[in-house]
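Hi everyone, thanks for coming. Let me put the model up on the screen, and then we'll walk through a few residues together.

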Amino acid sequence: MDEPVLLTGAGGRVGQAILRHIGDRFEWRLLDREQLGESKRPDSVPDDDVFATDITDEAGVREAIDGVYAVIHLAGDPRPEAPWDSVLRNNIDGTHTLFQAAVEAGVEKFAFASSNHAVGAYETTDRTPDLYRPEDDFRLNGTELPRPSNLYGVSKATGEILGRYYHDNHDISVVNVRIGNLTEGHPPIDYERGQAMWLSYRDCANLFERCVLADYDYETVYGISDNDRRYYSIERARSVLGYEPTDNSAEYEDEDESDCANGDDD
Ligand SMILES: NC(=O)C1=CN([C@@H]2O[C@H](COP(=O)(O)OP(=O)(O)OC[C@H]3O[C@@H](n4cnc5c(N)ncnc54)[C@H](O)[C@@H]3O)[C@@H](O)[C@H]2O)C=CC1
Ligand SMILES: O=C1O[C@H](COP(=O)(O)O)[C@@H](O)[C@H](O)[C@H]1O
């Protein structure tokens, strides 16, 4: 695979986790509406491959995506409490613009950053907090229908459905990664839900690397580390994508906050 990979939202948390760990694996095109300073991009990426572009700018997106093999689409409003006007513009319209430009440019693979909030309403009061504990065997596996917990989750479920449409009608390979809780260095502290859906930086990078390299049609997988606490299955990510997580939030449970600060996942 010699053609570049387009990473949208490259300057954000997920984008930086990817670039920090697999910045040397691909030839990148980096897109973000904010300017990407030198510290936020691998040395190997020249200025010409960095695009300060809004994903709702059709012409700008077309320029960035020309000749690209795969897209990792992260750009958007990540706030669970984001208002409708923002998710409509940044997450739904922006994702539509990316998909449309991708099929017009002949892109082969599209990894979409979906979210736990697309299925947050499965966490009913009768299931929680047991759901977040290692002994509980309830699992979501990606075949269930979305049950969004907020309008942000609605926008992520909509992005997944846009992918279904573009896969079925234009034959582009699409994987929705329902990302859990990306936290650097250690799992969230005093937050069982976050520990159950922790995704370490290096596991995040491995998962999205596999999204570029693996062969698939239309898939929905969960993006969490190999946590003992979990209510998301990662079997599909392992079997279809070849995801090999390294981290487990349980390994940090006896550590105090200062030990966590020394965690080696960075
Ligand atoms: N961080 C997490 O734990 C999770 C993140 N996600 C998803 O992953 C993606 C990335 O999230 P984070 O890196 O945490 O967010 P972030 O806010 O750190 O990064 C998002 C990046 O996208 C850019 N961006 C936003 N709107 C844009 C637009 N209209 N055009 C161009 N660039 C735009 C921002 O400038 C920013 O650099 C989001 O789609 C989010 O919904 C999903 C689940 C969990
Ligand atoms: O989709 C997202 O989910 C994570 C985890 O959700 P939370 O409600 O447990 O914090 C969130 O941190 C992130 O900002 C968001 O994009």
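Let's start with asparagine 90, which is in contact with Gly76 and Asp77, leaving aside its neighbours within four places in sequence; contact here means that two C-beta atoms, placed from the backbone, lie within 7 Å. What we have here is a predicted model, where local features need pLDDT of at least 70, side-chain atom pairs count only at pLDDT 80 or more, and totals for chains, interfaces and linings use all residues. Residues are numbered from 1 along each chain as its sequence is written, while chains are lettered from A and ligands numbered from 1 in the order in which they are written.

Asparagine 90 sits in helix α3, helices being DSSP runs of H or I with at least four residues, and strands runs of E with at least two, numbered from the N terminus. Is asparagine 90 buried or exposed? It counts as buried because it has 21 C-beta neighbours inside 10 Å; the cut-offs are 20 or more others for buried, 12 or fewer for exposed, and partly exposed in between, with C-beta atoms placed from the backbone.

Now over to serine 115, in strand β5. Serine 115 is buried too, with 29 other C-beta atoms within 10 Å. Not counting residues up to four places away in sequence, serine 115 touches Gly153, Lys156, Arg178 and Ile179.

Why pick these two? The UniProt annotation "binding site", from an unreviewed entry, covers Asn90, Ser115, Tyr152 and Lys156; such annotations may be inferred rather than shown by experiment.
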